[in-house]
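Q: I would like to learn how to read individual features of a protein model. Could we work through some of them in turn?

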Amino acid sequence: MSSAAEQDLAQVIASAVAGDELAFARIVAAYHEDMRRVCVFVTRDEMLADDAVQAAWAKVWHKLGSLKQPERLRPWLVSVAVNQAKDLLRKRRRNPEVELLANAMSVSGGRDPATGVDSLDLLAAMDRLDPDDRALIAMRYVAGFDSNELAAAVGLSAPGTRARMARILGRLREELSHE
Amino acid sequence: MNDMPDEPFERQVADVTRRTVGPPRHVDALAIAHGAATTERRGRRWFYGAMQFVAGGAVVAVFAAIVLWSGVLTGDGDQDPAPVGSSPSAAPSASVDPTMPPEELTYASGRFDAMFESTLFQDTPGGSADLAGPSWFEVTSTDPRLEGEATYLEHIAEWGSEPWLFLAEGQLEIRNDEGAWTGTAGPFLTMGPASAWEAPADPPQGPSDPPQGPSDQIASAGPVILEGSGAYTGYTALIDRAPDEDSEEAQLGTAGFGSGTFEALIVNRTWPGVPSEDVWLREMRRTGQDP
């Protein structure tokens, strides 16, 4: 991010912290879909993801002033949303009677010629990952976080984040090699 | 890391992940922003921070106090002075009423899970804001007496900016078909930052002295004392709560009431609250220490 863009972002954040809803809406417009799509992958449920992001924005409105580094806004926002999503997942597990509709999205099957792995098998394997690992995958491949943003979002160092990503991919690859 | 992974398997993972979540949708940012700013406020799962161990110790201390006060107030200390000629041994300072059942102490653990939380804003003169919000929780516990639905009505004051102070206190009620538990949760105190506080008048002497003044942010809260009613009349529950570790509030180091785990002690004694001066004077007169 250029210094001018950082300055602009800092001003937008400062305005939002001061109560400027329009400034806050600019932040929402820029990052809502990153948050929602990551939450969709974490929860595998669009309704749950929508609830998580809605709750996250309410939190962000009140907590934005605590953000000290504007350049960390995006990873911070996504991590707030992911935490909300994980909370909702926990509640759903404890209240199966109110379980929401399963995510209706699907991925068409078919073996990737380059890997020999069926995409549906891969999706099933990713579903078996814990929510933290799914969040990392979604932040990387959906929101397009680089190592530094991933590190800021999950509280690890950049090398530690790369190592964790490599372990997740290795586990998936290993699991699918047995299928 | 590049945007597009080179390795085929990683590329397939990226592709499946993106197809799973679908493309970005249109966002009504103004409506979302307005909703976040003016309607529901998600939970205040405030963090106990470094003071949590103090709160844990306080549970034990409060329990000890309950047992002590039960003895004092149900013994002679809550009655008229002993008549002349009565046996001195009949009036120990903390004697236990023989009609009282033996102390029965039960440990329990569980969770508060916020089902709905809100905050009502009320601006006050001078720029500060008082806030109050009713919240509903589902309470699960290893002891069925502490299970059910909970409501929490909170009053909040947020003062200053540099330094700032956040103070909250709320009325908590847990109820089920058998009875209810009510009490005051808090006060929850969070204040900071260190850079805004004036330096202490007497700075530390030498490198081994501990730092003085508040740390970057201080958060504190004590246990919640709940009085039983219905089937739980005559019982007191002491609850020590902790927010979920992965909550972002936990990382912010603030204190308050929200979803999280708890540990509790239930005792078949009542907590009389803060004693009045009369109680002390009566007890001192009775024991011959009249000032």
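**Reading a side chain, a helix and a chain**

A: The model is a predicted one.

Q: Which backbone nitrogen does the side chain of B:Thr236 reach?

A: That of B:Trp271, at 3.3 Å.

Q: Where is B:Thr236 found, and is B:Thr236 buried or exposed?

A: B:Thr236 belongs to strand 9 of chain B, which covers residues 236-243. Buried means under 20% relative accessible area; B:Thr236 has 1%, so this residue is buried.

Q: What span does helix 2 of chain A have between its end C-alpha atoms?

A: One compares the span with that of a straight helix. For 23 residues at 1.5 Å a residue, a straight helix would span 33 Å, but helix 2 of chain A (residues 21-43) spans only 29 Å. This helix also has a kink of about 50 degrees, centred on A:Tyr31.

Q: What lies at the ends of helix 2 of chain A?

A: A:Asp20 caps the N-terminal end, with a side-chain oxygen 2.9 Å from the backbone nitrogen of A:Leu22. After the helix comes A:Arg44, whose phi is positive, near 60 degrees.

Q: Why is helix 2 of chain A described as largely enclosed by the rest of the structure?

A: The description applies because 18 of its 23 residues are buried.

Q: How many helices and strands does chain B have?

A: Chain B has five helices and ten strands. Of its 291 residues, 41% are buried.

Note on methods
Residues numbered from 1 in each chain as written. Chains lettered and ligands numbered in written order. Predicted model: local features only at pLDDT ≥ 70, side-chain atom pairs only at ≥ 80, totals over all residues. Heavy atoms only, no water. Helix = DSSP H or I, 4+ residues; strand = E, 2+ residues; numbered from the N terminus. Buried < 20%, exposed > 50% of the residue type's maximum accessible area, 1.4 Å probe, protein only. Polar contact = N/O pair within 3.5 Å; in protein donor to acceptor, adjacent residues only side chain to side chain. Expected span 1.5 Å × (residues − 1). Bend = angle between axes of the 7 residues up to and from the residue.
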